[in-house]
Amino acid sequence: MPPLPPLLGTRRAHTEPSGETAEDASGAFDAALDDAELRTARAALAQGRRQAARSLLVHTGDDWDRRGHRLTALAQNPCAAAWASDWLTAEPGSADATTLLALALVHRALRGTEKPGPAREACDTAAALAPDDPTPWLGRLLLARALGPEREVLAAFAGLRRRHPEHHHAHHLLIARLAERPAGGRAEAHEVYDLAELAAAEAPADSPLAVLPVVAYAERYRVLAVTGLAPADPAASGHWSGPRARRILRACFDWWLEWEHDEHPRRHVDLNHLAFALSCAGRPAEAAALFQRIGAHATPAPWSYAHPDPLAAFHAARARALGH
């Protein structure tokens, strides 16, 4: 990705995108998405047993998207910092435990129960223990995206991208932040669309980053809705009806038909974005195919961008698409 232009403004939307969790059987959102092994390891950690989590992360290896997803999901639990501290007491110097502690502190800072400074220091410690691992840099990026200046966002993304150029979560976080820059000119001319399309074009043909332009449209809608520049009903906004939006939707849906990645740990995030966009664009037949793949794995983003109850928005859109 080329150097980005300087920050054009500081106004930011009040709704932070998440996109990390999915609906579980109880109707709540679960950060594990459909990763059964992750859910098992998390349950064992809650009971004070570390072996399942240790084994899970060892077997994850350098599958960086999966490692980031699993550690982030574990870290979102309010008890994660205590789990990681106990683990480090038993295994001083463990890179896995150190990274889990760093991400747990990041999520505490994001919830407002921890100051950002200790979380940043913990991410630096984890990065020093595992210099090839982009996951500590993901922690820095999560912090910067929500709480830091744009230069910090770009620095964290650059450090992460040097370690894994196609990092899925990192690109979503960057696009979410850049979508908050003030627009200039035509509605479909915002720079975040150009950057998302460039990242998708530079990625390998089978990379899920192909869906990034659709994510950029959802993030811009979030900003426009929060600032009152778009109606609360995304289907009535015209946001997905322009020629560029139609081209992007067609290309991303065609990519999904050809390259669907059943094994990617965050594929449900992409599926929800595609289903949301196609629903808003009035393309129920294509949206129905995506809802069938999503099953129960609804994610708050992008449904939360259009409705205070994202689960209700998801179920309503699914019912319309499936003709229920």
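Q: In this predicted model, what is the handedness of the crossing where helix 7 passes helix 8?
A: The model is a prediction, and in it helix 7 passes helix 8 in a left-handed crossing.

Q: At what angle do the axes of helix 7 and helix 8 cross, and within what distance do they come?
A: The two axes cross at roughly 160 degrees and come within 8 Å. Helix 8 covers residues 150–163. That angle makes helix 7 roughly antiparallel to helix 8, because angles over 145 degrees count as roughly antiparallel.

Q: Which residues make the contact?
A: From helix 7 the contact uses Trp137, Leu138, Arg140, Leu141, Ala144 and Arg145. Helix 8 contributes Glu152, Val153, Ala155, Ala156, Phe157, Gly159, Leu160 and Arg163.

Q: And by class, how many are nonpolar, polar or charged in the contact of helix 7 with helix 8?
A: There are nine nonpolar residues, one polar residue and four charged residues in that contact.

Q: Staying with helix 7, where is Thr135 found, and is Thr135 buried or exposed?
A: Thr135 belongs to helix 7, which covers residues 135–147. Its relative accessible area is 0%, so Thr135 is buried.

Q: What is Thr135 in contact with, leaving aside neighbours within four places in sequence?
A: With those neighbours left aside, Thr135 is in contact with Arg67, Gly68, Leu71, Thr99 and Leu103.

Q: What about Gly139: buried or exposed?
A: Gly139 also lies in helix 7. Gly139 counts as buried, at 0% relative accessibility. Apart from neighbours within four places in sequence, Gly139 is in contact with Leu103, Val106 and Cys123.

Q: How many Å apart in space are Gly139 and Ala155?
A: From C-alpha to C-alpha, Gly139 and Ala155 are 12 Å apart, and in sequence they are 16 residues apart.

Q: Changing topic, which residues of the largest nonpolar core touch the most other members?
A: The core has 91 residues, and those touching the most other members are Leu100, Leu141, Val214, Trp240, Leu290, Phe291 and Trp303. The largest share of this core comes from helix 5 (residues 95–111), with nine residues.

Q: What is Trp240 in contact with, leaving aside its neighbours within four places in sequence?
A: Trp240 is in contact with Tyr217, Ala218, Tyr221, Pro234, Ala245, Arg246, Leu249, Phe276, Ala277, Cys280 and Ala281, with those neighbours left aside.

Q: Now helix 13 and helix 14: at what angle do their axes cross?
A: The axes of helix 13 (residues 267–280) and helix 14 (residues 284–294) cross at roughly 155 degrees and come within 9 Å. Helix 13 and helix 14 are therefore roughly antiparallel to each other. Their crossing is left-handed.

Q: Which residues of helix 13 and helix 14 make the contact?
A: On the helix 13 side, the contact is made by His268, Leu271, Asn272, Leu274, Ala275, Leu278 and Ser279. On the helix 14 side, Glu286, Ala287, Leu290, Phe291, Arg293 and Ile294 take part. These residues divide into eight nonpolar, three polar and two charged.

Q: How do helix 10 and helix 12 pack?
A: Helix 10 (residues 191–202) and helix 12 (residues 243–259) pack at an angle of about 25 degrees, and their axes are 13 Å apart. This angle makes helix 10 roughly parallel to helix 12. Tyr193, Asp194 and Glu197 of helix 10 make the contact with Arg244, Arg247 and Ile248 of helix 12. By class, that contact has two nonpolar, no polar and four charged residues.

Q: Where is Val211 found, and what does Val211 touch?
A: Val211 is in the loop between helix 10 and helix 11 (212–226). Not counting residues up to four places away in sequence, Val211 touches Cys252, Trp255, Asp270 and Leu274. With a relative accessible area of 0%, Val211 is buried.

Q: Last topic, the backbone: what is phi of Leu33 near?
A: Phi of Leu33 is near 55 degrees, a positive value in a residue other than glycine. Leu33 lies in the loop between strand 2 (29–30) and helix 1 (36–46). Leu33 is buried, with a relative accessible area of 3%.

Q: Is the peptide bond from Ala301 to Pro302 cis or trans?
A: That bond from Ala301 to Pro302 is cis, with omega near 10 degrees. Pro302 is found in helix 15 (residues 300–303). In general, most peptide bonds are trans, and most residues other than glycine have a negative phi.

Note on methods: Residues are numbered from 1 along each chain as its sequence is written. This is a predicted model: local features need pLDDT of at least 70, side-chain atom pairs count only at pLDDT 80 or more; totals for chains, interfaces and linings use all residues. Side-chain values use heavy atoms; hydrogens and water are left out. Axes are lines fitted to C-alpha atoms, for helices over the stretch in contact, and angles run from 0 to 180 degrees between N-to-C directions. Helices (H or I, at least four residues) and strands (E, at least two) are DSSP runs, numbered from the N terminus. Angles under 35 degrees count as roughly parallel, over 145 as roughly antiparallel, 65 to 115 as roughly perpendicular and the rest as oblique. Contact means heavy atoms within 4.5 Å. Ala, Val, Leu, Ile, Met, Phe, Trp, Tyr, Cys and Pro count as nonpolar, Asp, Glu, Lys and Arg as charged, and the others, Gly among them, as polar. Buried means under 20% relative accessible area, exposed over 50%, partly exposed in between (1.4 Å probe, protein chains only). A nonpolar core is a set of buried Ala, Val, Leu, Ile, Met, Phe, Trp, Tyr and Cys residues joined through side-chain atoms within 4.5 Å. A crossing is left-handed if the near helix is turned anticlockwise from the far one by less than a right angle, and right-handed if clockwise.
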